[in-house]
Amino acid sequence: MGRLAHLWQHHRRATLAFALVAALTLAFAIRSAMFALHWSDPARRDQLVEPWMTPRFVAHSWKLPPATMQAALGDFAMPDRRRTLNDIASDRGVPVADLIAAIEAEIALYRSTLAPRP
Amino acid sequence: MTDALADLVVHYGLWLILAATFLSCLAVPVPTSLIMLSAGAFSAGDDLNLYACAAVALIGAVLGDQAGFGLGRRWANLLDRAHGKTAQTIARAREFTARHGGPGVFLSRWLFSPLGPYVNYIAGGTGMAWAQFSLFSLLGETVWVTLYVGAGFAFADQLETVATVLGNASGAAAGLVITVLLGRWLWRQSAAHRTPGA
């Protein structure tokens with residue numbers, strides 16, 4: 001009797017479990033490889049400004065000088081640590097989407113002042 | 001998912017990290033790797049302090065490991081009541097832990113991290129020496145924390161992508177261990193059954 005036939009007859013559950021875990025492992029490996037490939041495409045690397053981000057986080061991620069972030073926040077001083085855009089917008093009573101639009105506009109403006117890449 | 005979690009990390013900072021690393025060492029399903037990545041990312045923007053995040057994560061993880069080990073040990077006398085084949089298996093598990101336990105504890109902290117909590121219970125239950133367990137737990141958790149908080153810090157502007165890649169990779173690594181162990185067991189079962197000379 002072949003090994004597989006023997007296992008199938010005597011250890012069916014363990015054999016099925018083995019097949020399942022092997023398939024899952026392969027799926028995880030393929031997924032991580034695909035995401036890593038996707039990520040290596042520079043055109044897709046920009047993340048979006050989102051409500052959970054803080055001004056400091058945005059400034060760091062988009063490599064903005066403090067003045068640019070300050071311009072986007074308008075009259076309000078750069079807040080102390082740990083205030084998200086959502087917090088700031090609700091303090092001001094404005095929709096967070098407006099605040100994000102203002103920040104994105106400042107980012108675009110700032111980037112347009114940088115020397116164009118060859 | 002990331003949004004709500006990142007929001008929590010901003011507002012509850014170190015306490016959330018401490019609770020998350022502690023609980024995940026006890027097999028409570030908390031998205032600790034995402035929390036550590038976010039903590040690293042917010043540290044990069046100076047919203048949190050990198051060293052404080054790493055220290056708190058390490059404390060939570062080591063305490064969690066100790067708690068898991070202690071719970072396993074408390075149940076150890078239940079294991080002693082086993083007899084027959086089960087007792088043999090437990091004896092073999094004890095022997096295995098005594099021989100290979102340390103590196104197993106170390107690797108299951110970070111490389112095969114989904115297996116970590118169970119290794120804690122098993123190490124406690126099979127009577128692994130406390131000093132040995134603690135040493136390898138500390139070393140392994142240091143790697144785990146450095147890896148995730150460090151990746152969050154280094155790739156703050158790519159947070160979601162890094163989270164996805166690391167999440168899938170750690171799933172693949174843990175799956176590989178189980179596949180290999182199960183495969184080896186099945187192979188032995190079928191080999192033992194083969195008639196000599198076949």
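Of the 198 residues in chain B of this predicted model, buried residues make up 45%. The chain is built from 8 helices and 0 strands, and reading along its sequence gives the pattern α-α-α-α-α-α-α-α. Contacts in chain B between residues at least 6 apart in sequence can be sorted by separation: 82% of them join residues at least 24 apart.

One residue illustrates such a contact. B:Ala173 sits in helix 8 of chain B. It has 20 C-beta neighbours inside 10 Å, and because the cut-off for a buried residue is 20 or more, B:Ala173 counts as buried. Once its neighbours within four places in sequence are left aside, B:Ala173 is in contact with B:Leu111 and B:Phe112.

Two packed helices are described by the angle between their axes and the distance between the axes. For helix 2 of chain B and helix 3 of chain B, the latter spanning residues 50-74, the angle is about 160 degrees and the axes are 9 Å apart. Angles over 145 degrees count as roughly antiparallel, so helix 2 of chain B is roughly antiparallel to helix 3 of chain B. Their crossing is right-handed. On the side of helix 2 of chain B, the contact is made by B:Met36, B:Ala39, B:Gly40 and B:Ser43, while helix 3 of chain B contributes B:Leu50, B:Cys53 and B:Ala57. Sorted by class, this contact of helix 2 with helix 3 of chain B has 5 nonpolar and 2 polar residues, and no charged residues.

Chain B also meets chain A: 33 residues of chain B are in contact with 32 residues of chain A. Three helices of chain B each supply at least two residues of the side that touches chain A, namely helix 1 (2-24), helix 2 (32-44) and helix 8 (159-193). Helix 8 of chain B provides the largest share of that side, with 18 residues. By class, the side of chain B that touches chain A has 13 nonpolar, 14 polar and 6 charged residues.

Turning to chain A, its domain assignment gives domain 1 (3-41) and domain 2 (55-113). The C-alpha centres of domain 1 of chain A and domain 2 of chain A lie 45 Å apart.

Notes: Residues numbered from 1 in each chain as written. Chains lettered and ligands numbered in written order. Predicted model: local features only at pLDDT ≥ 70, side-chain atom pairs only at ≥ 80, totals over all residues. Contact = placed C-beta atoms within 7 Å. Helix = DSSP H or I, 4+ residues; strand = E, 2+ residues; numbered from the N terminus. Nonpolar A, V, L, I, M, F, W, Y, C, P; charged D, E, K, R; others polar. Axes fitted to C-alpha atoms, helices over the stretch in contact; angles between N-to-C directions. Parallel < 35°, antiparallel > 145°, perpendicular 65-115°, else oblique. Left-handed = near helix turned anticlockwise from the far one by under 90°. Buried ≥ 20, exposed ≤ 12 C-beta atoms within 10 Å, placed from the backbone. Domains from an automatic or database assignment.
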